[in-house]
Amino acid sequence: VQLQAFGGGLVQAGGSLRLSCAASGSIFSTNRMGWYRQAPGKQRELVADISSGSNTNYADSVKGRFTISRDNAKNTVYLQMNSLKPYDTAVYYCNYKKWCANGWCSPDYWGQGTQVTVSS
């Protein structure tokens, strides 16, 4: 599976950005896709993910500000980020899992990462 991410950039606090990530290759219909981020000196953390049935999961820090969605026909996941804050600054990575069930998931595939910088 290959993941290609688009979007990111520099924005002022309070602004918006939209990330997208297209998956190609051997795509499982039961996949789960999402976004993680990693700020300098910090561990990579989940931002949001979404199942093939559109069940979503968000980090508490982005609830109400970010929205994840997907287009199954295009194997693409989107992350609409509104009301951005300086602490949202990080490299954002697209993530793909072939399946998740009963709390277990298959190994991760990662995109190349895209920088999001929010200035104060």
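1. Tyr96 is buried, with a relative accessibility of 0%; buried means under 20% relative accessible area, exposed over 50% and partly exposed in between, with a 1.4 Å probe and protein chains only. The model is predicted: local features need pLDDT of at least 70, side-chain atom pairs count only at pLDDT 80 or more, and totals for chains, interfaces and linings use all residues. Residues are numbered from 1 along each chain as its sequence is written, and side-chain values use heavy atoms, with hydrogens and water left out.

2. The structure contains three aromatic pairs. Rings of Phe, Tyr and Trp (its six-membered ring) pair if their centres lie within 6.5 Å; planes under 30 degrees apart count as stacked, over 60 as edge-to-face and the rest as tilted. Tyr36 and Trp110 make an edge-to-face pair, at 5.0 Å centre to centre with 80° between the planes. This pair links distant parts of the chain, 74 residues apart: Tyr36 belongs to strand β4 (residues 32-38) and Trp110 to strand β12 (residues 108-110). Strands (E, at least two residues) are DSSP runs, numbered from the N terminus. Tyr36 counts as buried at 16% relative accessibility, whereas Trp110 is partly exposed at 36%.

3. The rings of Tyr96 and Tyr109 are also edge-to-face, because their centres are 5.9 Å apart and their planes stand at 70°. Tyr96 lies in strand β9 (residues 90-97) and Tyr109 in strand β12, 13 residues apart. Tyr109 is partly exposed, with a relative accessible area of 27%.

4. One aromatic cluster is formed by Tyr36, Tyr93 and Trp110. Arg44 lies over the face of Tyr93, 3.7 Å from the ring centre, and its charged end sits over the ring of Trp110, 4.5 Å from the centre. A charge sits over a ring if NZ of Lys or CZ of Arg is within 6 Å of the ring centre and within 35 degrees of the ring normal.

5. An open, antiparallel sheet is built from four strands in the order β1-β3-β8-β7; two strands pair if DSSP finds at least two bridges between them. The edge strands β1 (2-6) and β7 (66-71) each have a single partner, so one side of each lacks a neighbour in the sheet. Six bridges join β7 to the antiparallel strand β8 (residues 76-81), and Arg70 has Val77 in β8 as its bridge partner.

6. Ser51 is placed in strand β5 (residues 45-51) and is buried at 11% relative accessibility. Leaving aside residues up to four places away in sequence, Ser51 touches Asn31, Arg32 and Arg70, where contact means heavy atoms within 4.5 Å.
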